[in-house]
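I open this notebook page to record what I looked up, entry by entry.

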Amino acid sequence: MINTILFDLDNTLHNRAATVRNYASVFLSSFQHSLLDLELNELEAEIVSCDEGGYAGRLVRCERLLDLDIWAEKPTRDDILAHWLDWVPNNPSPMPALHQTLNTLNDMGLSMGVITNGSSESQKRKIRTLG
């Protein structure tokens, strides 16, 4: 009999792709003074590509963003990293029907847990925000 279900966080409970797409508009607004003229959909595609679903790693993602031909004046890698860490963990998009699914499993009396390879503090903020 199954009594416990374990979930991965990113792309199971947390819709990382949606979060990264949402982040693009915040990024555009925050770095607008440093960016060349580009459309939001172009920036979304570039950020999603640089992120590689989270597998690229924080510093690699930042370096890839800095290497893009989108900058009139490049910020520092630390500026981009701080911006990402300030916004993304605090604004995760839930997967469709997340709360309904978790409530159903809870009503069935199942224990649930999360396994993740992301940084502890960042992942904890996502979990708290997702509810």
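Where is the place of Ser-34? I find Ser-34 in the loop between α1 and α2 (40-51), with helices taken as DSSP runs (H or I, at least four residues; strands, E, at least two) numbered from the N terminus. I note that this is a predicted model, in which local features need pLDDT of at least 70 and side-chain atom pairs count only at pLDDT 80 or more, while totals for chains, interfaces and linings use all residues. Residues are numbered from 1 along each chain as its sequence is written, and side-chain values use heavy atoms, with hydrogens and water left out.

I looked up the accessibility of Ser-34: at 5% relative accessibility, Ser-34 counts as buried (under 20% relative accessible area, exposed being over 50% and partly exposed in between, with a 1.4 Å probe and protein chains only). Leaving aside neighbours within four places in sequence, I list Ile-70, Trp-71, Ala-72 and Glu-73 as in contact with Ser-34, that is, with heavy atoms within 4.5 Å.

I then searched the whole structure for aromatic pairs and found six (ring centres of Phe, Tyr and Trp, the last by its six-membered ring, within 6.5 Å; planes under 30 degrees apart are stacked, over 60 edge-to-face, the rest tilted). Tyr-23 and Trp-87 form a tilted pair, 5.7 Å centre to centre with 45 degrees between the planes; Tyr-23 sits in helix α1 (residues 16-31) and Trp-87 in helix α4 (residues 77-87), 64 residues apart. Both Tyr-23 and Trp-87 are buried.

Ring pairs link Tyr-23, Phe-27, Phe-31, Trp-71, Trp-84 and Trp-87 into a cluster.
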